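Here is a friendly briefing to read alongside the model. Let's begin with the chain as a whole and then zoom in on one strand.

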Amino acid sequence: MAAPNGPIELAKTGKRDYLVTLEKKYQALWESQKLFDATLPSPGQEDTEPKWMGTFPFAYMNGSYHLGHAFTISKIEFDAGFQRMLGKRVLFPMGFHCTGMPIKAASDKLIREMELFGEDFAGFREEDVEEDAVVVPAPTGANPPAAADKAKKGKVAAKATGLTYQFQIMESIGVPRAEIKKFADPYYWLSYFPPLAIEDAKSFGARIDYRRSFITTDVNPYFDSFVRWQMNALHAMQKVQFGERYTIYSPKDGQPCMDHDRASGEALGPQEYTAVKMEVVDLPGKAKVLQEKAGGRKIFLVAATLRPETMYGQTNCFVGTAIKYGLFVANDTEAYVCTYRAARNMAFQGCTLPRTEITQLAEVDGAALIGTRIKAPFGVNPEVYVLPMENVLATKGTGVVTSVPSDSPDDYATLMDLRKKAEFYHIDPSWARYDPVPVIRTPAYGDLTAPALCKQLKIQSQKDVKQLADAKDLAYKEGFYNGVMLVGEFEGEPVQEAKAKVREKMIDAGLAFAYAEPEGLIISRSADECVVALVDQWYIDYGEPVWKEQAEKLLGKMNTYFDETRHAFQGTLGWLNKWACARTYGLGSKLPWDTKWLVESLSDSTIYMAYYSVAYLLQGGVINGHTVGPLGVKAEQMTDEVWEHIMRDGPYPDPCPITKEQMSALKREFNYWYPMDIRSSGKDLINNHLTFCIYNHAALFPEEKWPLSMRCNGHLMLNGKKMSKSTGNSLTMRDSIQKFGADATRVALADSGDGIEDANFEENTANAAILRLHTLMSWCEEMIETKATLRAGPKTFHDDVFENQINNLVEITKKQYENTNYKDALKYGFYELQSARDSYREMTADAGMHGDLIEYFIRISALLITPIAPHFAEHVWTTVLKQPKSVQLALYPVPSKPVDHIILQSADYFRDAVKTIRDYEMSLGKRKGKSAGPAVDPSKPKALRIFVASSFPEWQETCVKVVKEAYDDSTHSVDDAKVRQLLGAAGLMKDKRAMPFVQAFKKRIGQFGAKTAFNRTLPFSELEVLRMNVSYLQRTLSSEKVEVVLANEARANAGQPGYVANVIDTAEPGSPSFSFYNV
């Protein structure tokens, strides 16, 4: 039963417990037989024994797998099961990501909390508030909030999540309080969570080769050597550069904050602006305090703009009246008016001095700035006024907005509002006196783009936010791509060329400077609001034209399964630029040539899939690499030269630290397993990890080692809602397996969805799967035990139908598995297969089911569901069917004989006819007294007569001939005028039946194609199909007698009981008519 807004509760668990007992039994069997250890063919057989390698992004080891991890894992897990059934050697490895800030940041939090509350946290009280554990939104005012504000927000945050402290988070994920103190050592995490992940994956029944598992960071000397080689190789190819560039930065941590180092704001990057300096000429009375506090410095309002080329058209400047602005020291001679948030970003970009320091001299409300007279750099109007605007945001730009109403719809709408309601907005009308100045001419909107768009989109005021957003987008694109400058030094030049030139001129003249800020709110794992800093750093030169072209080539050759995925990759390749690849805080491998830096978490995880191929030879399944593996190679022997030879066919090392036999073994593993055949991932990693993976493979490996495919899925919802611990709508992989069992969880994951759109795990589906699996299993056991009592000998029509249905579903299901459409594979290979069984059982209730066919069905049922529900399949295969080897070694079934689609069509025909007759029968009571024919009393014995037509009515045949004559094969269309002409000639235009029939026939052409539509003969005998099923019809339709007759013979008996003339006449080939009558 479902809770109101949470997970369901299981009333009875007996069937689940039985299935779980079997799951554990077969998991132990598979492990004991080492079925998932991926081994090489005999030497010389590599080309004759196909392989498959599938991977998913290794999870970060600061907790257990959640259901979203399980969903992504399932895509590889199901494919691994299917590929095994194709006779391939399958490698499905799993590693553990420990690189980056999160673990270290969490450890540091625990150290502080232990200082506050003691090692066992006994000093904690619920009313305590930890300021540092709270994420504080960006302030709207100039100053950061005071401590009291922070505490207030802390209580709100604690109330919303219930988890203010790191030790509380640890408890919430199942870590005993007595053990939490151990996690103050960041390296303890690396030994605690990976074994739990392995345990969960084993309980899931995953076909993983755990001998190849490993952890990242320099704790693992083998993987550390691999990362060193990778970075050195990129550095040698000049793919890694050093220089000053914009990056997302955490002032608190003192280093760049990349995607995996963030608590929120992943995938957001720097947004670059031109900061325009508008010198104050005259301040109104309420703002005079700025002059008093400036210390003789010139005061500038600083506006951030994306369109410096439009500055010629400034008519005024806008501020938000509800925003607080600060006066900040820029240098000894200048001071800037902007928001505190903007000043903080400027400080870390060297826009203000001293660098990284923020010196605030004064603060004023935005309303106090209204009426300030300022200089307009490059403006046709040299001086303008500061005016109010309702839509100014304190969280974007500087809080100061230049106004160019000729090209900005927002500016134009606001200016018109101010002119209409000057008194309401408390402004002097003369402050808004300047008309829009033509700056850019566009083909679509002329010389004044914004006024034209506001008129076109019927924008009435600045409150029309949605229309203004659309207008802004149109104005920017049209101006940038098609605009030509009308004023200034670059008059006559295209905007695309003039934009950068105007910006450079303004900066050179000291009237502007380069400024950047995060695209949105970014919070680091240490709860710091990040800024954009201009820092010297090591970065990977993504976006470099030649390298980008290589990456695009790789993408072009790679299967992405869905067009949406390919488009997302193309979009990312379009914007992705230089990426900071190192930082100084956290865990990881040291940058080989500059060891004060650590390789960041998205840069040591771009080609690690190749490491899987040799991991077990080096580490032997010891995930931290502290034991020498079966090949006997020590970590220090894995030099760059050794890796270069293994991975890239580089020169044989001289001298070589390992033997030729060892080198040969490593190369053989890599060359056999690589490239990976598929990588499955959530779609959110397209923006970083997956595209980095493409770039690095393109740079480091030859084309034959490039990834063959990448498959992306959406996020996973739970019970139709976003998963959230705070709402109780949350489930880990372990929770689900404990609640429903592995196979039921897997069935629900397969049923959740396959596309790039978000999927939905329904607990009701998992719960229903328990019953369905248990019921089918019990039925299979019963049928095999009692097979001797089932029918034997020659097969009947229904036996043939059932066998063909099974074989057809075998083929359809295989196609779904091949296309990684697991929801449909489950539909056809599990649900519809059972529906076919149910129909067969009903059809043969009198004669009984055929024993050999039932055994065949059971065999196919086990095999088709093996990739998705392997424990169920194993039980049926080895225990019920007594097969000598595990189902994990079984091949995908070959149909017992070619599918006879004519038999399937005849079965569909019979099923549809029965449904039509049954629906009519059920309505007999309601139709009493209303039927055009003789009334049938359903309470009295009745009989059924079915009329089969051997040919179509003459008028229909004529209509078909008319359509055929009017049909054009080249355009696949029907000439309606010709149809009307031909129908008229045939005397059918006035026949009310003709045109509806023609329209229906045209629809049939569209659905089935002209060849099928014009071929109106059936490939089977209706009379024969119906007559051989008379006994079933009598039983299922509760009729004393069922008779099947030809319509043209029945017409001679029209008027007798059961022979209704108008009913007989409605019979058509493929659509029999029928009549009930009392007997």
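A residue is called buried under 20% relative accessible area, exposed over 50%, and partly exposed in between (1.4 Å probe, protein chains only). By that rule, 55% of the 1079 residues of the protein chain are buried. This is a predicted model, where local features need pLDDT of at least 70, side-chain atom pairs count only at pLDDT 80 or more, and totals for chains, interfaces and linings use all residues. Residues are numbered from 1 along each chain as its sequence is written, and side-chain values use heavy atoms, with hydrogens and water left out.

**Overall build**
- The C-alpha trace of the protein chain spans about 115 × 85 × 60 Å along its principal axes.
- The protein chain has 37 helices and 31 strands, taken as DSSP runs (H or I, at least four residues; E, at least two) and numbered from the N terminus.
- With a contact meaning heavy atoms within 4.5 Å, 76% of the contacts in the protein chain between residues at least 6 apart in sequence join residues at least 24 apart.

**Strand E27**
- Strand E27 (residues 942-948) is largely enclosed by the rest of the structure, because seven of its seven residues are buried.
- Lys942, Leu944, Ile946 and Val948 point one way from E27, while Ala943, Arg945 and Phe947 point the other way.

**Partners of E27** (strands pair if DSSP finds at least two bridges between them)
- E27 runs antiparallel to strand E31 (residues 1073-1078), joined by six bridges, and Phe947 has Ser1073 as its bridge partner there.
- Strand E30 (residues 1041-1046) pairs with E27 in the parallel sense over six bridges, with Leu1046 of E30 opposite Val948.
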